[in-house]
Amino acid sequence: MKNFKKILAVVLAAMLALTVLAGCSVPEDQIIPAQQTQVYDAYNNLINKASADGYTCNATYSRKVSDVAWDMLIAADGAYGDGDTVYSSSKDAAAKAAFEKAKADGKIAKNAVLKVGYLATNPTSYGSYKYDAIYTAGDFDDANYLGISYNGDSNHLMIIAVYIPASK
């Protein structure tokens with residue numbers, strides 16, 4: 001009986017160890033940083049509002065794409081790129097130029113296509129963002145990655161929907 005209890009204890013410990021190793025994991029690129037609550041809230045609000053309005057979001061959050069969204073947000077906020085490189089005086093043109101620069105610099109796949117770019121001003125003040133401007137845009141359904149960045153200094157939120165073809 002003592003041997004049976006010992007064997008049972010070993011088997012149960014092994015099973016417990018295997019369940020820890022076999023847990024559901026999320027790729028690191030899809031984890032929203034804990035300190036970016038505005039990003040987390042924006043992502044959830046976008047998905048929930050789209051779903052409530054009958055839209056399906058096939059895009060997955062990507063930290064790498066969010067880094068590009070950050071570059072676009074900084075460019076749009078100041079119409080500057082990195083350093084003293086002036087992209088444009090237009091926020092839209094500056095953001096698009098920053099996206100193209102990110103592709104040229106290898107931050108995102110060279111064949112990535114920007115489907116929707118949306119700059120929200122004062123998103124934390126209003127509490128309800130105009131997400132319908134994003135998911136009702138014709139190309140939103142074609143996107144497979146979402147990037148979201150928030151700049152507390154300017155209180156601006158950048159949401160981008162990007163299509164990156166699968167590698168062969």
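Modeller: Tyr-61 is buried, at a relative accessible area of 3%. Buried here means under 20% relative accessible area, exposed means over 50%, and partly exposed is in between, with a 1.4 Å probe and protein chains only. One caution on origin: this is a predicted model, where local features need pLDDT of at least 70, side-chain atom pairs count only at pLDDT 80 or more, and totals for chains, interfaces and linings use all residues. Residues are numbered from 1 along each chain as its sequence is written, and side-chain values use heavy atoms, with hydrogens and water left out.

Now the rings. Rings of Phe, Tyr and Trp (its six-membered ring) pair if their centres lie within 6.5 Å. Planes under 30 degrees apart count as stacked, over 60 as edge-to-face, and the rest as tilted. The count by this rule is 2 aromatic pairs. One joins Tyr-43 and Tyr-61: the ring centres are 6.0 Å apart and the planes stand at 70°, so this pair is edge-to-face. Tyr-43 sits in helix H2 (residues 37-52) and Tyr-61 in strand S1 (residues 60-61), so the pair ties together parts 18 residues apart in sequence. Helices (H or I, at least four residues) and strands (E, at least two) are DSSP runs, numbered from the N terminus. Tyr-43 is also buried, with a relative accessible area of 18%.

The rings of Tyr-55 and Tyr-135 have centres 4.9 Å apart and planes at 55°, so that pair is tilted. It links distant parts of the chain. Tyr-55 is in the loop between H2 and S1, while Tyr-135 is in helix H6 (residues 132-135), 80 residues apart. Tyr-55 is partly exposed, at a relative accessible area of 33%. Tyr-135 is buried, at 1%.

Next, a buried site in a strand. Ala-161 lies in strand S4 (residues 156-163). Its relative accessibility is 1%, so Ala-161 counts as buried. Contact means heavy atoms within 4.5 Å. Setting aside neighbours within four places in sequence, Ala-161 is in contact with residues including Val-113, Val-116, Phe-140 and Tyr-145.

Last, a helix. Buried residues in H4 include Ala-94, Ala-98, Phe-99 and Lys-103. Just after H4, Gly-106 takes a positive phi of about 80°.
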